[in-house]
Amino acid sequence: MAMVDIRDARKTYDGGFEALRGVTLRIEEGEILALLGPNGAGKTTLISAICGITQPTSGTITVGGHDVISDYRAARRLIGLVPQEINLEPFEKVFNTVSFSRGLFGLPKNDALIEQILRKLSLWDKKDTKVMALSGGMKRRVLIAKALSHEPRVLFLDEPTAGVDVELRRDMWQIVEELRRDGVTIILTTHYIEEAEAIADRVGVINKGQILLVEEKTSLMTRMGKKELTVELDDPVDSIPASLAAFNLAQSEDRKTLTYAYDTGAERTGIARLMSALSEEGLVVRDVSTAQNSLEDIFVGLVAEQPDQQKDTAA
């Protein structure tokens with residue numbers, strides 16, 4: 001049984017706009033799923049539907065086998081949510097704020113656990129500080145602590161590191177790794193694609209309320225990734241010789257560098273033929289280097305290929 005099981009989830013707002021358009025997604029226990037999408041893709045709407053903040057118009061969503069509508073309390077108890085917006089009681093102290101969140105789920109007081117969470121987030125020295133006196137980055141840490149206070153089995157991180165300092169981002173991913181080792185399922189939405197590339201097990205791409213794909217990160221990059229071969233010449237060439245036209249080479253402004261794109265999954269890359277052709281043209285190669293497409297390149301390509309079926313944007 002998947003920890004989060006979404007089947008044909010749809011969300012239509014008044015006026016007919018479809019924020020979610022038949023989303024089906026299974027997220028296994030203990031995995032990290034990075035959900036990528038441009039602004040208005042439907043990421044926040046989907047998270048809100050899973051967490052019970054908004055109800056899907058149709059379809060089913062279960063968390064740990066509990067339906068998020070008919071068995072809301074049991075489903076919600078399993079979920080921790082770090083939202084984009086910082087919405088905290090400004091006059092309350094940090095320790096009390098986090099401890100109170102635990103109590104909202106009907107769990108007994110556990111000062112030792114709250115201390116452990118605050119220490120992990122470098123908040124322990126601020127435990128008696130009022131929230132209003134904290135910096136923006138520290139307030140973000142408090143949101144994370146609140147989400148962890150009731151020991152959730154599913155943690156949603158909705159753009160958690162947007163606009164925060166490098167130190168918090170590093171601490172955040174260290175905690176994420178520890179939670180994964182404990183079997184916590186983590187769903188991350190982010191604009192920092194390099195973070196998804198670094199920590200996610202699978203990557204999902206959502207746009208215009210639809211899931212475009214969900215695939216293991218490594219296999220996705222292998223299947224869709226391309227490499228570029230950069231050839232630096234000893235001397236500049238005025239134009240690319242006609243005999244090299246089949247390679248679709250790109251030429252740099254200084255006319256000393258040629259770039260050749262090739263498919264890593266192809267039976268033959270064409271590199272050997274290219275090097276031979278360069279030699280036949282009397283072009284002396286000074287240096288050669290390769291670079292592989294990043295996850296960002298793949299993501300941009302997928303979104304660009306999706307037909308523009310509706311002009312409105314989802315939340």
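## Overall size and make-up

With 315 residues, a compact globule would have a radius of gyration near 20 Å, but this protein chain comes out at 25 Å. That radius is taken over C-alpha atoms, and the globule rule is 2.2 Å times the number of residues to the power 0.38. Along the principal axes, the C-alpha atoms fill a box of roughly 80 × 45 × 35 Å.

A quick word on the source: this is a predicted model, where local features need pLDDT of at least 70, side-chain atom pairs count only at pLDDT 80 or more, and totals for chains, interfaces and linings use all residues. Residues are numbered from 1 along each chain as its sequence is written, and side-chain values use heavy atoms, with hydrogens and water left out.

## Elements, contacts and surface

The chain has 10 helices and 14 strands; these are DSSP runs numbered from the N terminus, with helices being H or I of at least four residues and strands E of at least two. Take the contacts (heavy atoms within 4.5 Å) between residues at least 6 apart in sequence: 69% of them join residues at least 24 apart.

Of the 315 residues, 45% count as buried. Buried means under 20% relative accessible area, exposed means over 50%, and partly exposed is in between, using a 1.4 Å probe and protein chains only.

## A look at strand 3

What does strand 3 pair with in the parallel sense over 4 bridges? One partner is strand 8 (residues 185-189), where Leu188 stands opposite Ala34. Strand 9 (residues 202-207) also runs parallel to strand 3 and is joined to it by 4 bridges, with Arg202 standing opposite Leu33. For two strands to pair, DSSP must find at least two bridges between them.

## Two loop residues with positive phi

Most residues other than glycine have a negative phi. Glu151 isn't a glycine, yet its phi is positive, at about 55°. You'll find Glu151 in the loop between helix 5 (136-148) and strand 7 (154-158), and its 45% relative accessibility makes it partly exposed.

Lys208 also has a positive phi, near 55°. Lys208 sits in the loop between strand 9 and strand 10 (210-216). Is Lys208 buried or exposed? Lys208 counts as buried, because its relative accessibility is 17%.
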